[in-house]
Amino acid sequence: MPGRDVEVVVVGGGAAGVAAARRLCEAGVDCLIVEARGRLGGRAWTITDKSGFALDLGCGWLHSADRNPWVTIAQEQGAAIDKSRPPWARAMRDIGFPHAEQKEFQEAMDAFVARVERAAAGDSDVPAGDSLEPGCRWNGLIDAISTYISGAEWHRVSAKDYDRYHDTGVNWRVVKGYGALISACGEDFPAALDCEVRAIDHRGKRLRIETAKGAIAADQVIVTIPSALLAAERLLFAPALPEKIEAARGLPLGLADKLFIALAGAEEFEPDTRVFGHIDRAATANYHFRPFGRPMIEAYFGGRFAAKLEQGGDAAFFDAAVSDLVGLFGAAFAGRIKPIAIHRWGADPFALGSYSYASPGFADCRPKLVEPVDGRLFFAGEACSIHDFSTAHGGWHTGVSAAEQVIAQRRAQSQTPA
Ligand SMILES: Cc1cc2nc3c(=O)[nH]c(=O)nc-3n(C[C@H](O)[C@H](O)[C@H](O)COP(=O)(O)OP(=O)(O)OC[C@H]3O[C@@H](n4cnc5c(N)ncnc54)[C@H](O)[C@@H]3O)c2cc1C
């Protein structure tokens, strides 16, 4: 593949790259996805466990499902969609968290979110954590929720950016896996896998895309790699693009890691319910029992807690889960659970984290990141989305939008007299 000459190169074959390639191919543009990994999907990644269950190590929920374009793709693929309510929209068991306290916590959480919304309407872009009520006993757990939503504690998150996220509150799942859905969608388009892009030289009349397998010439490029990689300058531009690096640095990737655990005697638990490991701190996992009714637990770790566990390797996550679950259900529970799979997204060289948030003061970095350069370099990926960032459907929308701009540019050029 490299050594080729194409009209448009799409760097990265995740949700945004696949969506861009689909739109370009529909319009008859000669394009090539160039992907560093040996698979498509990026942070959307489904594996199959020994029992044949599809496990999403990255995205799993079709958030805002009533307007999520991946739902249409799932229908095109004939993929079954599960519309049962997510665990966070159901009553929790009262183990370690009596119902009266759950109500008190929910009221504190709702009041906090209302204060963040008011703070976001102000002139300055303050940390969402400024809206925590001093001395509130629920601050730790409220912070834990941020580590699941943003992969970072509230004081690291811009109130304005958080407030710009649009959520319809409808959440569905694809039974065969969100990752499997996205990678299958990409299979129809030309792609070079195991082909890391190292540099984009935009000095000449045509672009020169330097990859691990040689150079590719192109008219235009759509760059969809995660903001953390742009910020770390893992992909170089010649001439350099300091304004892009700066925008990407305002949009770090938060950290969230999932651990799947096999559970013996699972029928004792209601499907799709959850518990927190602890209710008095930010450093706590939440445990989703029997996802899709399966005999397993999906444990979710976020923020600084996940970052610390990543340093201890995969085993550190299971040890933390055993300690929490034994604390909740008694010592015998340790004999009922076994680790199935985990992926440490912070250590993943082609992600360096899970999903983007904006640092306080940097909410306007998203429109800066997506701004095209010279009508030839286009940017997409979840971090470029103003209202759907951090999600696979946000990735889709930015990929399609970049492709539309490329198509419009090509049409305009073809109509310009030489
Ligand atoms: C644990 C976890 C849970 C999540 N849960 C949800 C959820 O429930 N719902 C939801 O909507 N979202 C969720 N997300 C977020 C979602 O997965 C991402 O927002 C989305 O997949 C990002 O798509 P993208 O195309 O922007 O980026 P990516 O998927 O990261 O795609 C970028 C691609 O670029 C490639 N790449 C990187 N560097 C190079 C290079 N130099 N050369 C070539 N290729 C390169 C990468 O390998 C990758 O394939 C979750 C993520 C994680 C990690």
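1. Let's start with the ligand. The shell around it divides into 19 nonpolar, 13 polar and six charged residues; here Ala, Val, Leu, Ile, Met, Phe, Trp, Tyr, Cys and Pro count as nonpolar, Asp, Glu, Lys and Arg as charged, and the others, Gly among them, as polar. That makes 38 residues surrounding the ligand, with Glu 35, Arg 37, Arg 43, Val 197 and Glu 382 the closest (a residue is near if one of its heavy atoms lies within 4 Å).

2. A word on the source: this is a predicted model, where local features need pLDDT of at least 70 and side-chain atom pairs count only at pLDDT 80 or more, while totals for chains, interfaces and linings use all residues. Residues are numbered from 1 along each chain as its sequence is written, and side-chain values use heavy atoms, leaving out hydrogens and water.

3. Now the polar contacts (pairs of N or O atoms within 3.5 Å). A ligand oxygen sits 2.8 Å from a side-chain N or O atom of Arg 37, and a ligand oxygen is 2.9 Å from a polar backbone atom of Ala 392. Taken alone the ligand exposes 1,000 Å², and the protein buries 98% of that (Shrake-Rupley areas, 1.4 Å probe).

4. On to strand β2, residues 31-34 (strands are DSSP E runs of at least two residues, helices H or I runs of at least four, numbered from the N terminus). Cys 31 and Ile 33 on one side, and Leu 32 and Val 34 on the other, are all buried (under 20% relative accessible area, 1.4 Å probe, protein chains only).

5. What does β2 pair with? Strand β1 runs parallel to it, joined by four bridges, and β8 pairs in the parallel sense over two (pairing takes at least two DSSP bridges). Ile 33 stands opposite Ala 191 in β8, and Val 10 stands opposite Ile 33.

Terms used
Buried means under 20% relative accessible area, exposed over 50%, partly exposed in between (1.4 Å probe, protein chains only). A polar contact is a pair of N or O atoms within 3.5 Å; within protein, one must be able to donate a hydrogen and the other to accept it, and residues adjacent in sequence count only if both atoms are side-chain atoms.
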